[in-house]
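Subject: Structure for your review, with notes on salt bridges

Hello,

Please find the structure below. My notes on charged side-chain pairs follow.

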Amino acid sequence: MSDSAPLATAAGPGTPAPESVAPGGPQTNPPTSQPEPAWERRFRAPRVSLPDWAEHAPDRSVFLSNASGTYEIYAWDRATGAQRQVTERANGTTMASIDPTGEWIWWFADTDGDEFGVWMRQPFGGGPDEAAAPGLAPSYPAGLSIGADGLSVIACSTDEDGSTVHVVRSGSAPVEIYRHRESAGVSALSEDDTLVVIEHSEHGDTMHPSLRAVRLDGSVVAELHDGEPGVAPVSGLSCTGFAPVFGDPRVLVSHQRRGRWEPMIWNPLTGEEQEIDLGLPGDVGVDWYPDASALLVEHDHHARSELYRYDLAAGRLERLDTPAGTVLGATARPDGTVEYLWSSGERPSELRSTGGGTVLVPPGDRAPGSVAVEDAWVEGPGGLIHALVSRPAAGEGPYPTVFEVHGGPTAHDGDHFAPGVAVWIDHGFAVVRVNYRGSTGYGKDWTDALRERVGLIELEDIAAVRAWAVGSGLADPERLVLSGGSWGGYLTLLGLGVQPDDWSLGLAAVPVADYVAAYEDEMEALKAMDRTLVGGTPEEVPERYAASSPITYIGNVRVPVFISAGLNDPRCPIRQIENYVTRLEGLGAAHEVYRYEAGHGSAVVEERIRQVRKELDFVARHLGLPAR
């Protein structure tokens, strides 16, 4: 888990607790006779996400925090300073949003991390929870847009129905306005509650979605598709939202028409498209300022990010003053200031404001820092590969080295604080993180390159960086750990089988282990992603699934492997992991498995620490570790 856990808003994840202690209190560390190690303090240190604030009541916010020891949703009234814990569940809550009036906090209720459930809501000031959309069956969430007067638009995903979108009004049964077998979701609702933008992959390519604007009765207003109708597009489109001004139908869109993510303003009523060339070399994410006069620009380039303000009338780009590192989220406030969550490899996250100072400070001690990140550029089979290197503060190389492989795969590692990386630094290991082909942040071609040779492409890049790390004297070739979670866990198991002589040990968390069984059991949205990546279903292209599946190469595994798995995981389901483990047992291969009662990772801090302890102990027994 990264330094800041995501706040599950309608679009994504959330925020922690501030200086005053919310109900539930600060987490209590278990009694110990020895000083608490720095690495444990990093995980236990309370943190907050970027607050999500009510559009028409900007003093009312919600955020995600681990202040109680479990990631939960919190409410914050900026006018009074009052804060309170909204949810309290055994395995945590990470998805939430606030309605435009600030009257209701919405949160998603799944079962022990299985991501399958319903939306609930609770009054901002506290009170009993109630079903937010009575009559809507449980599903995987696929987007939420909340309007005025009890109106909401909710997207759902199920194995039986595929993707559906529903208009929900208080006192009325939900009305379905969209249905398709392929992946789709709600991106935005106009300020006047008349238009909805649906992001969809009806053409079968989830990496390059298209957009459709519809009315509340489902009738189509306009389509935005970068290609021939019905054919998979050459680039993707993503919607940030409608202009936050009543009666303004303009939609803020990101496109890849010039090989990277750039902004565009689209008017679905007139068809007008205004592409905006900011002249920045990296990928760009954008959002509206509250009066729609300007855009907040997040520029991501070479694993670091910076913020800009783009004045729409003047066409002027102004850089905002942010320190070197990574912006993990940003929002423009009504007074023109920008709040942003920031960290670097050596400094834990802080919620800052361009108006000066920090905005929301969690209770308790701040997490200990770590070491600065270094850049390495390595020539690979598909071009220059960017890797991030973290070295122990003491000692000389070659070091025992952990190759920590990121998940996604369409994500990337950046210069931000990561307690999981700092663990290994504290124990004398170097850590190398590779932004392999398939990673975001290096242009569309780099991201798209992994398709159809899934897993194998990424491993080629990891192998090139491994050779550099050993050849440069950084890494000890006799003590190399391949490690990762989710897609990183998948690449770990695949790497142990495809590159058996390259690694000394493997640590795979919530991995894909048997690709065919994973496809059969995973949530519908991930089935669609796998069809995109691999080029079809296991029945249509069985040879590709076999070539990309770790279980195919299990007979080559020669080193010990530690696997951790969530029993309720809908993304990397438990059955396919058990298939792999059964085969390991039959081969007599050295391995250990840790199963825990949660989904794709745990929102409980002590559970995460327990998993890291097990990994440390496993590595210590098989490789040797400095004393903790």
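A salt bridge here is a side-chain nitrogen of Lys or Arg within 4 Å of a carboxyl oxygen of Asp or Glu. Please keep in mind that the model is predicted.

Glu275 and Arg257 are joined through their side chains by a salt bridge, with an N to O distance of 2.7 Å.

Within helix H10 (residues 605–622), Glu607 and Arg610 are three residues apart, about one turn of the helix. Their salt bridge has its closest N and O atoms 2.4 Å apart. Glu607 has a relative accessibility of 10% and counts as buried, whereas Arg610 is partly exposed at 36%.

Salt bridges with shared partners also link Asp226, Arg257, Arg258, Arg260, Glu262, Glu273 and Glu275 into one network. The Glu275 and Arg257 pair described above is a salt bridge, and both residues are members of this network.

The remaining pair is Arg347 with Glu350, a salt bridge whose closest N and O atoms are 2.8 Å apart. Arg347 is partly exposed, with 38% relative accessibility, and Glu350 is buried at 11%.

Regards

Methods: Residues are numbered from 1 along each chain as its sequence is written. This is a predicted model: local features need pLDDT of at least 70, side-chain atom pairs count only at pLDDT 80 or more; totals for chains, interfaces and linings use all residues. Side-chain values use heavy atoms; hydrogens and water are left out. Buried means under 20% relative accessible area, exposed over 50%, partly exposed in between (1.4 Å probe, protein chains only). Helices (H or I, at least four residues) and strands (E, at least two) are DSSP runs, numbered from the N terminus.
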